[in-house]
Amino acid sequence: MRGTLPPPGPAWGGSVMGTSLMATLMVTSGYPAVAWVFAVLGALIFLVLLGGFLVYRSPRFRQDLMAPWAMWFIGTMALGTAWTKLTGAEWCILLGFWVGAPLCVVAYVNQLRRFSGVPNFAWGLPLVGPIMASNTAGTISALTGSRWYAVLGIVFMAMSVLAAYPVFARVYVAALRGEADISGPSAATTWIPLGVVGQSTSAIALLFGARAEILVGSALVALAVPMMLFAMWHFYPAVARWVDYSPAWWASTFPTGAIGVGGYTLAQAWGIDWMNAVATMLPALLVLHWGLCAARFVSWRCGH
């Protein structure tokens with residue numbers, strides 16, 4: 001029933017994340033007209049969710065509910081970045097950063113206090129927030145020439161890497177033992193770890209340059225290959241079964257976009273034709289997953 005889904009609010013922050021990255025992807029791919037559509041749609045979704053939270057006050061800002069709040073905060077930064085890349089207005093990315101980044105740190109610290117329930121990949125969402133802040137800070141540094149944002153970016157990167165990778169490793173072990181929650185719509189959360197890998201690769205490029213990206217980013221992208229196969233193995237059968245609709249579906253969008261961006265920047269750093277060809281196909285995953293999530297939403301609406 002419709003009442004089983006969370007009301008509009010931070011629980012649906014993944015839709016802002018994925019839609020905003022779609023706008024950024026369209027800009028970098030040379031489709032500004034399409035980018036405008038997704039940027040406006042992302043802003044409208046953000047406003048609807050904000051209004052929904054003001055009305056329903058759900059979810060509560062509790063320690064065991066940091067994952068949905070982290071998606072909301074990450075989405076805020078992603079939306080600001082998309083609008084700056086589309087319009088050139090620096091205040092958009094600055095506003096998104098100074099609202100989203102401090103709140104990501106709050107969610108990060110709260111999450112590290114305790115991990116509730118059975119192992120699940122959503123545990124890592126609040127730990128991914130700082131790597132998004134790192135990317136955003138690196139982008140701002142490149143735009144403004146401010147070294148302070150580069151320093152902030154390095155700090156945020158360290159925070160995320162030191163916490164997210166061990167936690168995701170713990171969940172992978174649990175998943176291989178059959179102890180993790182990745183059934184039904186939660187199968188989409190198997191994409192979440194790719195978000196930190198992709199964001200790490202692009203953050204390294206922004207903060208340390210192409211040489212560092214080639215050294216570290218290549219290892220990260222190699223690590224991403226079995227992670228992608230694992231996610232595909234669990235997510236696509238769930239899609240084929242058209243499992244119940246929930247916010248978890250949108251967990252498949254932003255990470256695929258992040259690994260696409262990371263793969264693209266790494267291919268540019270290497271300057272190898274075949275890598276460029278492969279990298280141009282990676283963002284197609286974001287388009288595919290966004291379309292699947294949108295279609296599942298439409299089918300849910302039509303069924304009610």
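The structure is a predicted model, in which local features need pLDDT of at least 70 and side-chain atom pairs count only at pLDDT 80 or more, whereas totals for chains, interfaces and linings use all residues. Residues are numbered from 1 along each chain as its sequence is written, and side-chain values use heavy atoms, with hydrogens and water left out.

Helix α2 comprises residues 32-56, helices being DSSP runs of H or I with at least four residues, numbered from the N terminus. The 25 residues of α2 reach 35 Å from the first C-alpha to the last, close to the 36 Å expected at 1.5 Å a residue, where the expected span is 1.5 Å times one less than the number of residues. A35, F38, A39, G42, I45, F46, L49, G52 and F53 of α2 are buried; buried denotes under 20% relative accessible area, exposed over 50%, and partly exposed in between, with a 1.4 Å probe and protein chains only. The buried residues of this helix pack against α1 (13-28), α3 (66-87) and α11 (283-302), contact being defined as heavy atoms within 4.5 Å.

G52, placed in helix α2, counts as buried because its relative accessible area is 6%. Not counting residues up to four places away in sequence, G52 touches P8 and R57. G52 and G18 are 34 residues apart in sequence, and their C-alpha atoms are 19 Å apart in space. By contrast, L47, which also lies in helix α2, is classed as exposed because its relative accessibility is 53%. L47 contributes, with W36, V40, L44, L50 and L54, to a nonpolar surface patch of about 550 Å². Such patches are made of residues with over 30% relative accessible area and no salt bridge, nonpolar side chains (Val, Leu, Ile, Met, Phe, Trp, Tyr) being joined within 5 Å and like charges within 9 Å; a salt bridge is a side-chain nitrogen of Lys or Arg within 4 Å of a carboxyl oxygen of Asp or Glu. Accessible areas come from the Shrake-Rupley method with a 1.4 Å probe, and for residues only the protein chains shown count as cover.

Just after α2, R57 takes a positive phi of about 55°, a value found here in a residue other than glycine.

T139, in helix α5 (residues 125-144), is buried at 14% relative accessibility and touches K85, I93 and L206, residues up to four places away in sequence not being counted. Q199, in helix α7 (residues 192-208), is buried at 7% relative accessibility; leaving aside neighbours within four places in sequence, Q199 is in contact with I131, M132, N135, F254 and A258.

A search of the whole structure finds zero disulfides, a disulfide being a pair of cysteine sulfur atoms within 2.5 Å. The sulfur of C92 is 18 Å from the closest cysteine sulfur, in C104, and is therefore too far for a bond. C92 is buried, with a relative accessible area of 11%, and C104 is likewise buried, with a relative accessible area of 2%.

Methods: Helices (H or I, at least four residues) and strands (E, at least two) are DSSP runs, numbered from the N terminus.
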